[in-house]
Amino acid sequence: MSESTSPVDTARLLKLATTASVVTATLLILDIGVTTQTGELTLADLRASFVAILHWAVSFVMVAMIWTEFHFVFAHTRHWDGGLLVVTFAQMALISLVPF
């Protein structure tokens with residue numbers, strides 16, 4: 001398939017993948033809730049939320065790695081076909097599961 005026959009150019013597909021990554025990263029932070037005992041944030045409050053913060057950090061790194069892979073792949077892709085589209089949508093589906 002040549003570039004001119006691709007229904008959507010790779011730049012638009014990359015923007016779609018980037019949007020999925022950004023939305024996922026946003027959803028990750030919504031799950032973190034740090035409660036305070038005194039109304040002011042203390043080190044003890046952060047320690048109590050350490051597991052949630054650690055989960056957020058690991059998940060964010062995973063999303064960032066997949067986002068970097070998207071950019072690497074599309075930097076070297078002149079046009080796409082059905083196979084690349086299926087793989088891209090599959091990766092976006094997996095990214096959407098990270099917050100859960």
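Leu-13, Leu-16, Ala-17, Ala-20, Ser-21 and Thr-24 of helix 1 are in contact (heavy atoms within 4.5 Å) with Leu-85, Thr-88, Phe-89, Met-92, Ile-95 and Ser-96 of helix 4. Eight of the residues in this contact are nonpolar, four are polar and none is charged; Ala, Val, Leu, Ile, Met, Phe, Trp, Tyr, Cys and Pro count as nonpolar, Asp, Glu, Lys and Arg as charged, and the others, Gly among them, as polar.

The model is predicted: local features need pLDDT of at least 70, and side-chain atom pairs count only at pLDDT 80 or more, while totals for chains, interfaces and linings use all residues. Residues are numbered from 1 along each chain as its sequence is written, and side-chain values use heavy atoms, with hydrogens and water left out.

The axes of these two helices, lines fitted to C-alpha atoms over the stretch in contact, with angles from 0 to 180 degrees between N-to-C directions, come within 9 Å and cross at roughly 10 degrees. Helix 1 and helix 4 are therefore roughly parallel, a term for angles under 35 degrees. Helices are DSSP runs (H or I, at least four residues), numbered from the N terminus.

| Helix | Residues |
|---|---|
| Helix 1 | residues 10-30 |
| Helix 3 | residues 50-75 |
| Helix 4 | residues 82-97 |

Ser-59 has a relative accessible area of 13%. Apart from neighbours within four places in sequence, Ser-59 is in contact with Leu-28 and Val-98.

Notes. Helix = DSSP H or I, 4+ residues; strand = E, 2+ residues; numbered from the N terminus. Parallel < 35°, antiparallel > 145°, perpendicular 65-115°, else oblique. Expected span 1.5 Å × (residues − 1). Buried < 20%, exposed > 50% of the residue type's maximum accessible area, 1.4 Å probe, protein only.
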